[in-house]
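Let's walk through this one together, starting with the overall picture and then zooming in on a few residues. Have the viewer open as you read.

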Amino acid sequence: MKLEDVAQAYKKEGIEIGKKQGEERGKKIGEKKGEKRGIMKTALSMMQEGLDLSLIERITGLSEKEILNLQNNSSSSL
């Protein structure tokens, strides 16, 4: 086996490893964004039902500022 072939094989293996790591990282980021979006939608629904801001904070873990921003931006899609 030529040295060039060995180098090419290692390069290909490195690219595959990088792709897998990138896919895993992307999946984790997507899951976190989706979870946050769900929490925000729930908080908005809770606000629309008239629940107390402090209760929404405790249940969702969102800050008062985040919750109030939801109310101000509720016309845009989450």
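Among contacts in the chain between residues at least 6 apart in sequence, what percentage join residues at least 24 apart? The figure is 35%, where a contact means heavy atoms within 4.5 Å.

Before going further, some ground rules. This is a predicted model, so local features need pLDDT of at least 70 and side-chain atom pairs count only at pLDDT 80 or more, while totals for chains, interfaces and linings use all residues. Residues are numbered from 1 along each chain as its sequence is written, and side-chain values use heavy atoms, with hydrogens and water left out.

Now for the overall layout. The chain has 3 helices and 0 strands, and reading along the sequence gives the pattern α-α-α. Those labels are DSSP runs (helices are H or I, at least four residues; strands are E, at least two), numbered from the N terminus. The C-alpha trace spans about 75 × 25 × 15 Å along its principal axes. The radius of gyration tells its own story: the chain has 22 Å, whereas a compact globule of 78 residues would have a value near 12 Å. That radius is taken over C-alpha atoms, and the globule rule is 2.2 Å times the number of residues to the power 0.38.

What about the surface? Buried residues make up 12% of the 78 residues; here buried means under 20% relative accessible area, exposed over 50%, and partly exposed in between (1.4 Å probe, protein chains only). The accessible surface comes to about 6600 Å², with 52% of it belonging to carbon and sulfur atoms. Such areas come from the Shrake-Rupley method with a 1.4 Å probe, and for residues only the protein chains shown count as cover.

Next, the inside. The largest nonpolar core has 8 residues: Ala43, Leu44, Met46, Met47, Ile56, Leu62, Ile67 and Leu70. Helix H1 (3–48) and helix H3 (64–72) are the elements that give two or more residues to this core, and H1 provides the largest share, 4 residues. As background, nonpolar side chains tend to be buried together in soluble globular proteins.

Pick out Met47, which is found in helix H1. Met47 counts as buried because its relative accessible area is 17%. Leaving aside neighbours within four places in sequence, Met47 is in contact with Ile56, Ile67, Leu70 and Gln71. Met47 and Ile67 are 20 residues apart along the chain, and their C-alpha atoms are separated by 8.4 Å.

Then look at Thr60, which has its place in helix H2 (residues 53–60). Thr60 counts as buried because its relative accessibility is 15%. Its contacts, again leaving aside neighbours within four places in sequence, are Ile39, Ala43, Met46 and Ile67. Met40 is 20 residues from Thr60 along the chain, with 8.0 Å between their C-alpha atoms.

Finally, go to Ile29, back in helix H1. Is Ile29 buried or partly exposed? Ile29 counts as partly exposed because its relative accessibility is 38%. From Ile29 to Ile39 there are 10 residues in sequence and 15 Å in space, C-alpha to C-alpha.

Notes:
A nonpolar core is a set of buried Ala, Val, Leu, Ile, Met, Phe, Trp, Tyr and Cys residues joined through side-chain atoms within 4.5 Å.
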